[in-house]
Amino acid sequence: MYSNLDGINNKHNDHDLSVLVACKKFEEMHPKEKQPEWLKYCMSMRTMRNHNKNWVIKMILLSKPELKSNQFWQWEDDGIPILFQIDPATKKKSVVICGGPSTNIEVFFEVEVDLKNDKVMVLVDTDLNKLDGAKYEINRR
């Protein structure tokens, strides 16, 4: 079913096909019309091979970073947000190069795609209605 690529079999095509299979499985289980509107703006994917040499596709959300009281986002004309802070003593505005520890990653859907055996195993499936869109960062890419 999935392994027939008309004679094209390299690891890049296996990767791309696995991502396509994962997306189709996600949409089968969560039709677009039932997905929260905010999800498409916040979700990302991570892919890797596991010990079985199958592709594992994770659909993820990044938690919004917690800002300090003297920090704020400023959106540039190109749509890229830049984090600034105001020094409490001097009132000088400066760019924050590192905003602290990395953002929490929440895996809300994960599948293992076994192209050799035409199998898709769902490893994580979260009820999308239980997710709070206000908690997640909008993709910047």
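This is a predicted model: local features need pLDDT of at least 70, side-chain atom pairs count only at pLDDT 80 or more; totals for chains, interfaces and linings use all residues.
Colleague: How many helices and strands does the protein chain have?
Modeller: There are two helices and seven strands in the protein chain.

Colleague: And what pattern do they follow along the sequence?
Modeller: The pattern reads α-α-β-β-β-β-β-β-β.

Colleague: Which strands make up the open sheet, and in what order?
Modeller: The open sheet holds four strands in the order S1-S2-S6-S7, and their pairing is antiparallel. Strand S1 covers residues 44-49 and strand S7 covers 119-125; both stand at the edges.

Colleague: Why is one side of each edge strand left without a neighbour?
Modeller: S1 and S7 each have a single partner strand, so one side of each has no neighbour in the sheet.

Colleague: What is the average twist there?
Modeller: From one strand to the next, the twist averages 20°.

Colleague: How many bridges join S1 to S2?
Modeller: Six bridges join S1 to strand S2, which spans residues 55-62, and the two run antiparallel.

Colleague: Which residue in S2 is the bridge partner of Ser44?
Modeller: Ser44 has Ile60 as its bridge partner in S2.

Colleague: Turning to burial, what percentage of the residues count as buried?
Modeller: The protein chain has 141 residues, of which 28% count as buried.

Colleague: Lastly, what share of the contacts comes from residues 24 or more positions apart?
Modeller: Among contacts in the protein chain with a separation of 6 or more, such residues account for 54%.

Technical notes
Residues are numbered from 1 along each chain as its sequence is written. Side-chain values use heavy atoms; hydrogens and water are left out. Buried means under 20% relative accessible area, exposed over 50%, partly exposed in between (1.4 Å probe, protein chains only). Contact means heavy atoms within 4.5 Å. Two strands pair if DSSP finds at least two bridges between them. Axes are lines fitted to C-alpha atoms, for helices over the stretch in contact, and angles run from 0 to 180 degrees between N-to-C directions.
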